[in-house]
Every structure is written in C-alpha cells, then in structure tokens.
Amino acid sequence: MSPTEGLSIRGLAKTYPNGIAALRGIDLEVAPGLYGLLGPNGAGKSTLMRTLATLQTPDRGEIRLDGIDLLAEPDRVRGRLGYLPQQIGAYPGVTGRELLTRFAWLKGRTERRERRAEIATLLERVNLAEAADRAVATYSGGMLRRFGIALALIGAPRLLIVDEPTAGLDPAERNRFHRVLADVAAEAVVLLSTHIVEDVENLCSRVAILAEGRIVAEGTPAELTGRLADRLWSRVVPRGETPPPAVHLSAVPGGTLAILESDRAPDDRFDAHRPRLEDAYHVALAGAGVLEAAA
C-alpha cells in the first residue's frame, strides 16, 4: 500500500480512567476496500472505531488517512470520513430528509442544488425514498440502520466506519446493507467492526481479530483458515455427555458439536473438520487466553 493511500495505524493505545486498557498498541495497514474487525464484547473494537472517528483521543500512537495525520489535523479528516455507530438517535418529529439535510450542511454541502441532489441519491441508494418525509423516530430497526448508512455516506467519505451494523436486522435487510457497503468499498476504506463472523467472511478481503485490546490474528480469510488446515477435528457429543475441552462448542441437532485443534484425531469418533473463519476466530481467541472462545 502506498504511504499516502488508505489508513495507517501505528502503536495506538488507550487506557480509561478506571484502569481498563481498551487498546494496547494497535498496528494496522488498511487499503481501500472492505476490512473486517472481529472480536468479542470488550475487545476494544468500539474504542478503536470512536478514536478513528475523532470522537476521542488515544494516549499514544499515530493514525494517518491518505497521508493526513488524523490526530494532528482532525478537522481536515472529518470531512473525509463517515461513521455509523451502534445506536442512532433522532429528534421527535424530524423527518429523514430534514435530518439528512442538516448533516449535509454540517459536512460542507452548502450549495442547495448539490445538497438536494446528493440527499435524493442517498435515499434511493438505501431504499428510503418513499419514507424520506416520515419522522425518523417511526422507522423500523432495519430502516434506521439503512438511514444511518445514508447519514454516514454524506460527502462521499474516504473512510467509512461501521460499528456492529447488522445487529437486529432480518436476512433481507442484512443482505441489502451488505450490498451498499460493498458498493462504497469500491472507492473508499470501509471498516466493518462486528462480532458476527459471517458478515466479515462474506464481505471482507482482510480481517483483524481483536482480543483484550490487541490484534491476535490478521490476514485474508483464506490465510487465517489455511493456518488450520489438517489441524481441526470435530464430533457431535450426544446430549447428557460432557463435551471434551475444545476451541469451539456449538449446539446442533442431537447434541453439541465439539471442534478441537490437534495434530491428529483424538480418537476414531472424530472426523477431519474443514476450517472456516469462525473456527479461526475461536482458535485465535483461545490462543490469546480468552476463555469465552470455547463457550
């Protein structure tokens, strides 16, 4: 990646006043496209997203977007980024079109014709044109997520940050949201922060796995799963039988699917297991000592 293209993060650290170390030296190089950030609750994902969105400052480290120092020149970068947080609020009675208009003005879209054209395009893009003049407070959960992405896309951002974007969406809404993100990633850096492995597996060309403020694995989905080739074994443990120690346990018809990492099958009840990104995620967490990985 060119030093003046994409997102560069070096040595980023943040400890809160209560002593919680949310980030412990994050290093990332992110080229334009979709990049996934995976991790359990408390891994530091939201702290990283808020820091990149210039909503808080780190204790130390460096962030550059297309060569611009984000920490030294936050105002210059804010015009080039969009942020979709986990929760979106709205004033009672304010319509979608009115709220988009206010955000567009704040983003520097002061020319009326240009602003109206951009808002109309965004409403069509997220399939909300017919609901544009309804109060945002009346939108369903899926509509709110789509409206949020329209807000984040005002000004054609170079960096788009989306934090747990598909939580609570039905499959159709989730697929529609994925298509919008994929379109944006053709021309921008899109950071998708989530604990839903399938979202990252389907969309992202590269992935970083965070645990307790550190990056414990990074690479393409194929690289992360390839490291586990011929090392995973699984069997269905019948109900009532205690599962063996495993990197991942999941409920299946008839009992619990136990997936183990080993050079060879523990016994003849185990079959070779083809690695998926979810398996790589749990193995990485287990290797970092995160006990929830095997829950």
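Select His 282 and His 248 and display their side chains: the two side chains make a polar contact at 3.4 Å. Please bear in mind throughout that this is a predicted model. His 282 is found in helix H9. Is His 282 buried or exposed? Its relative accessibility is 10%, and residues under 20% are classed as buried, so His 282 counts as buried.

Next, colour the strands E11 to E14. They form an open sheet of 4 strands with antiparallel pairing, in the order E12-E13-E11-E14. Its edge strands are E12 (248-252) and E14 (271-272), each of which pairs on one side only.

Colour residues 7-221 and 224-288 separately. The chain is divided into these two parts, domain 1 and domain 2 respectively. Their C-alpha centres lie 33 Å apart. How many residues of each domain are in contact with the other? On the side of domain 1 there are 16, and on the side of domain 2 there are 11.

**A second sheet**

Select E1, E2, E4 and E5. These 4 strands form an open sheet, also with antiparallel pairing, in the order E2-E1-E4-E5. Strand E2 (21-30) and strand E5 (68-69) each have a single partner strand, so one side of each is left without a neighbour in the sheet. Strand E4, residues 60-65, runs antiparallel to E5 and is joined to it by 2 bridges. Pick Arg 64 to see the residue opposite it in E5, namely Asp 69. Then show residues 45-52: this is helix H1, which lies across strand E1 (7-15), E2 and E4. Helix H1 runs at about 120 degrees to E1.

**A hairpin**

Move to residues 206-211 and 214-219. They are strand E9 and strand E10, which run antiparallel and are joined by 5 bridges. Ala 208 has Glu 218 in E10 as its bridge partner. The two strands, E9 and E10, form a hairpin with 2 residues between them. In the turn, select Glu 212, which has a positive phi of about 50 degrees.

**The nonpolar cores**

Finally, show Ile 149, Leu 160, Leu 181 and Ile 209. They are the residues with the most contacts inside the largest nonpolar core, which has 56 residues. Which helix supplies the largest share of this core? Helix H5 (residues 141-153) does, with 7 residues. Both domain 1 and domain 2 contribute, with at least three residues from each.

Centre the view on Ile 149. Leaving aside residues up to four places away in sequence, Ile 149 touches several residues, among them Leu 84, Val 126, Leu 160 and Phe 177. A second, separate core has 27 residues, including Leu 7, Ile 68, Val 77 and Leu 81. Selecting these four residues is the last stop of the tour.

Methods
Residues numbered from 1 in each chain as written. Predicted model: local features only at pLDDT ≥ 70, side-chain atom pairs only at ≥ 80, totals over all residues. Heavy atoms only, no water. Pairing = 2+ DSSP bridges. Core = buried A, V, L, I, M, F, W, Y, C linked by side-chain atoms within 4.5 Å. Buried < 20%, exposed > 50% of the residue type's maximum accessible area, 1.4 Å probe, protein only. Domains from an automatic or database assignment. Contact = heavy atoms within 4.5 Å. Polar contact = N/O pair within 3.5 Å; in protein donor to acceptor, adjacent residues only side chain to side chain. Axes fitted to C-alpha atoms, helices over the stretch in contact; angles between N-to-C directions.
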